[in-house]
Amino acid sequence: EKDMVVSLVGFANAVDGEMWYRIRCVDVRGKFVEGYVSGAYANPYVAKITGVQGTPDSTTALTISWTPQEGVTSYQIYRADTVKGTFSRVATVNGSKTSYKNTKLTKCGQYLYKVRAYVNVNGKKTYGKYSDVVVLGAKGTNKKVKTTVATKMYSISGSSFKNLTTVPKGISLKATHNITDLNGNLWYYCTGKVNGKSVTGYVLVKDLKVVK
């Protein structure tokens, strides 16, 4: 079907030099199929990377991960050191990878990351769009805080990420570091207990008060 996007799982050159792509898709009958299509009727397509997130391995290292794509040759990881800074490529990893550990960072620093993928066919690279930019890392702090309202706790600073739990009003937490997201909102990375269970994640500072 014309303009149909399918999963690229490999490619090969025939003896006459013609390129063939090995694809995987659901056909017009709704059946799952896999096979080869001539390069004369198909072009490589690389989608925008999604699901970029990160976890601090230490105060000077971050592991960045993303949702993988089938058939890509490599992923490129770009980083900016300030909100208005210039992005530079910090790594290129094999297409079988789904994460990258960025080391030797500033202690408790915060950074902006974006990722894109490409397919390399006979030396010609086809790039996908960059992922949305995410802010990762944090600045160190050490404060006791308490929720002033019922508020949500997220896995990463930013309400577009996974909501871990709702923290009721009046719950005491320990804030170990803070981070500002792309919208200028300040978050604390907190630990504590909710309904007897240990919780860890990011809470908006505006929903907290510092206690002695």
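Residues are numbered from 1 along each chain as its sequence is written, and side-chain values rest on heavy atoms, with hydrogens and water left out. Because the model is predicted, local features were required to have pLDDT of at least 70 and side-chain atom pairs were counted only at pLDDT 80 or more, whereas totals for chains, interfaces and linings use all residues.

The chain contains 0 helices and 18 strands, where helices (H or I, at least four residues) and strands (E, at least two) are DSSP runs numbered from the N terminus. Of its 212 residues, 39% count as buried, a class defined by a relative accessible area under 20%, with exposed meaning over 50% and partly exposed in between (1.4 Å probe, protein chains only). The accessible surface of the chain comes to about 12400 Å², and carbon and sulfur atoms account for 49% of this area, as computed by the Shrake-Rupley method with a 1.4 Å probe, only the protein chains shown counting as cover for residues. Among contacts (heavy atoms within 4.5 Å) between residues at least 6 apart in sequence, 50% join residues at least 24 apart.

In soluble globular proteins, nonpolar side chains tend to be buried together. A nonpolar core is here a set of buried Ala, Val, Leu, Ile, Met, Phe, Trp, Tyr and Cys residues joined through side-chain atoms within 4.5 Å. The largest such core holds 23 residues, of which Ile64, Trp66, Tyr75, Ile77 and Tyr113 touch the most other members. Two or more residues are given to this core by each of strand 5 (61–65), strand 6 (74–80), strand 7 (88–94), strand 9 (110–121) and strand 11 (134–137), and the largest share, 6 residues, comes from strand 9. With residues up to four places away in sequence not counted, Ile77 touches a set of residues including Trp66, Val90, Tyr100, Tyr113 and Val115. A second, separate core comprises 13 residues, among them Met153, Ile171, Leu173 and Val199.

Ser74, which lies in strand 6, is buried with a relative accessible area of 9%. Apart from neighbours within four places in sequence, Ser74 is in contact with Thr92, Val93, Asn94, Gly95, Arg116, Ala117 and Tyr118.

Strand 5 and strand 8 run antiparallel and are joined by 4 bridges, at least two DSSP bridges being required for two strands to pair. Within this pairing, Thr63 stands opposite Lys101 of strand 8. Strand 8 (residues 99–102) has a covered face formed by Tyr100 and Asn102, while Ser99 and Lys101 form an uncovered one.

Thr165, found in strand 14 (residues 163–167), is partly exposed, with a relative accessible area of 23%. When residues up to four places away in sequence are not counted, Thr165 touches Thr151, Lys152, Met153 and Val199, of which Met153 and Val199 are included in the second core. The C-alpha atoms of Thr165 and Tyr154, 11 residues apart along the chain, are separated by 7.4 Å.

Lys48 is located in the loop between strand 3 (32–38) and strand 4 (53–58) and is partly exposed, with a relative accessible area of 38%. Although Lys48 and Lys129 are 81 residues apart in sequence, their C-alpha atoms are 4.6 Å apart in space. Beyond neighbours within four places in sequence, Lys48 is in contact with Gln69, Lys129, Tyr130, Ser131 and Asp132. The side chains of Lys48 and Asp132 are joined by a polar contact of 2.7 Å, the term denoting a pair of N or O atoms within 3.5 Å of which, within protein, one must be able to donate a hydrogen and the other to accept it, residues adjacent in sequence counting only if both atoms are side-chain atoms.
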